[in-house]
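Please keep the sequence and the three-dimensional view open together while reading. The paragraphs below move from one region to the next.

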Amino acid sequence: MSLTIPDVRRNASPYLYGQEAASVVRVLEAGQYGHTDLTAEFESRIAAYLGVPDVVAVSSGTAALHSALLATGIGPGDEVIVPSMTFCATVQVIRAVGASPRFIDVDPATLCVTPQLVMEAVTDDTAAVLPVLFGGRAVDLRPLREDLAERGIVVIEDAAHAFGSHCGPQHVGADDTALTCFSFGPVKNLTCGQGGAVIPRTPEEAAAVRRLRMLGVTQSQSERAETTGYQVEGFGLRYQLSSINAAIGLAQLDHFDTAVRSRRHLWRTYSDALDALEGVTLVDVDLDHTVPHLCQVRVPHRDHVFAHLRARNIGVGVHYPPNHLQPAFARWRRDLAATERVSREILSLPFHQHLTEADVHRVGTALGHALKATGGA
Ligand SMILES: *Cc1c(COP(=O)(O)O)cnc(C)c1O
C-alpha cells in the first residue's frame with residue numbers, strides 16, 4: 001500500500017495520531033479479537049467523555065441505529081419520521097425493522113430538521129422520530145419532549161456526524177430524553193476503522209442493546225467458557241465491536257481534543273476563504289457547539305461546478321442524494337420542495353485533518369474559478 005498523505009484530492013480521510021497501529025498489533029498478538037475488556041474500556045472512556053452513565057459499543061453506526069429501533073420495539077405498522085436528506089443507512093434501518101419511513105424536509109440553512117417540521121409530520125402511526133445531526137450540528141427537539149412522550153413517540157438521534165458536538169451545555173448523547181447513535185466509521189470525527197455506539201436512556205435499553213449485539217445471548221464470553229451451554233434469550237445479531245476496532249478507537253480518543261481543534265480551525269479557515277465569493281452560501285454548522293464533520297456550500301450550477309473541480313483534482317462530493325427520490329424508497333415518496341432544491345445546490349468541499357491552510361485557499365480559489373467558468377458568479 002502506498003503511503004501518500006491524503007490531500008485535496010480526497011473529500012474525506014481518517015487521521016491517525018500514531019499509536020493506532022501499535023495498539024492493533026498488541027490485540028492481534030494477544031489473540032482475542034472478539035468482545036473483550038478492551039471493548040468495555042472503550043465504552044467507559046466514551047461514557048466518561050460524554051458525561052453519560054452508559055454506552056453500548058457496536059460494530060457500526062448502522063448497527064447502532066438498527067439496534068436502537070429494535071430495542072425500542074419499532075416494527076411493522078409503525079411510521080418513523082426521518083429527513084430525506086441523510087445517508088441511506090438512516091432509512092435502511094427503518095426498513096430493516098419493517099417500519100415505514102415518513103420523509104420530511106430540512107431547513108436549507110442547516111440541512112437539519114426543525115421541531116416544527118417534525119410536528120407537522122406526526123400522525124397516529126408515528127412511533128419514532130429519527131433526526132439527523134447533519135454535519136455534526138445538534139438538533140434540539142427538547143421543546144417537543146412532552147408532546148412526543150404523550151403520544152409514545154421515541155426520539156432516536158442519528159449522531160453519526162456529531163461525536164464531540166454539544167447541544168447547549170451538554171454533549172450530544174447526554175440528553176436522557178433521546179437515544180443517540182454514533183458512527184465510528186472510517187471518515188467520522190472519531191474512527192474505530194468500523195464501529196458505532198448507542199447511548200441508551202435507561203439501564204433496560206442498555207441491556208436490550210447488549211443482548212441484541214450478541215445474537216440474543218446474555219452470558220459473557222468468560223461465563224460461557226465455564227459452562228457446557230449458553231442461553232438464547234431473544235432476537236439478536238452479531239453486532240459487537242471487536243477488540244481490534246476498540247483498540248483503534250481508544251488510541252484515537254487519546255487525541256480527540258486535537259480533532260476538535262483542527263476540524264474547527266479548518267472550518268473557520270474555509271469560512272474566511274469563501275467569504276468574498278459571490279454566489280456561495282456556506283451551510284451553517286454553529287461552530288461554537290459543533291465538531292464539524294463536513295464543510296458544505298450551496299452553489300448555482302452545482303453539477304458543472306462539481307465537474308470543473310473534479311477535473312482539477314479537487315475532491316468535492318455530495319452529501320447526500322435525497323432518499324425520497326431513491327428507487328428503493330419510491331413507495332414513501334412525497335413532495336419535499338426544500339430538500340429537492342438544496343439537493344441540486346449542495347457541494348461538500350474536501351474536509352479532513354490532513355489539509356493545510358494553503359490547501360483550503362487553493363480549494364477556495366478553484367471554487368471561484370469554477371463559478372466564473374460556469375456563469376454562476
Ligand atoms: C456514516 C453514517 C451512518 C452509518 O454509519 P456506519 O458506521 O457507516 O454504518 C448513518 N448515518 C449517517 C448520517 C452517516 O453519515
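Predicted model: local features only at pLDDT ≥ 70, side-chain atom pairs only at ≥ 80, totals over all residues.

In which loop is the place of Tyr320? Tyr320 belongs to the loop between helix 11 and helix 12. As background, most peptide bonds are trans, and most residues other than glycine have a negative phi.

The loop between helix 11 and helix 12 also holds Asn313. This residue is not a glycine, yet Asn313 has a positive phi of about 60°. With a relative accessibility of 48%, Asn313 counts as partly exposed.

A second residue with a positive phi is found elsewhere in the chain. Leu111, likewise not a glycine, has a positive phi of about 65°. Its place is in the loop between strand 3 (100–104) and helix 5 (115–121). Leu111 has a relative accessibility of 1% and therefore counts as buried, the cut-off being under 20%.

The side chain of Tyr320 makes a polar contact of 2.8 Å with the side chain of His161. His161 lies in the loop between strand 5 (154–158) and strand 6 (166–167). Is His161 buried or exposed? Its relative accessible area is 6%, so His161 is buried. Leaving aside residues up to four places away in sequence, His161 touches several residues, including Leu133, Phe134, Lys188, His293 and Tyr320. Gly135 is also one of the residues that His161 touches. The C-alpha atoms of His161 and Gly135 are separated by 5.6 Å, although the two residues are 26 residues apart along the chain.

The ligand comes next. Of the 14 residues around the ligand, those that come nearest are Gly61, Thr62, Asp158, Ser183 and Lys188. An oxygen atom of the ligand is 2.8 Å from a polar backbone atom of Gly61. For Thr62, an N or O atom in the side chain is 2.6 Å from an oxygen atom of the ligand. For Asp158, an N or O atom in the side chain is 2.7 Å from a nitrogen atom of the ligand. Taken alone, the ligand exposes 380 Å², of which the protein buries 91%. Helix 3 (61–71) and helix 4 (88–96) are the elements that give two or more residues to the shell around the ligand. By kind, the residues of this shell divide into four nonpolar, eight polar and two charged.

Ser23 has its place in helix 1 (residues 20–30). With a relative accessible area of 11%, Ser23 is buried. Not counting residues up to four places away in sequence, Ser23 touches Ala247 and Ala251.

Terms used: Residues numbered from 1 in each chain as written. Heavy atoms only, no water. Near = heavy atom within 4 Å. Polar contact = N/O pair within 3.5 Å; in protein donor to acceptor, adjacent residues only side chain to side chain. Areas by Shrake-Rupley, 256 points an atom, 1.4 Å probe, with all protein chains shown as cover. Helix = DSSP H or I, 4+ residues; strand = E, 2+ residues; numbered from the N terminus. Nonpolar A, V, L, I, M, F, W, Y, C, P; charged D, E, K, R; others polar. Buried < 20%, exposed > 50% of the residue type's maximum accessible area, 1.4 Å probe, protein only. Contact = heavy atoms within 4.5 Å.
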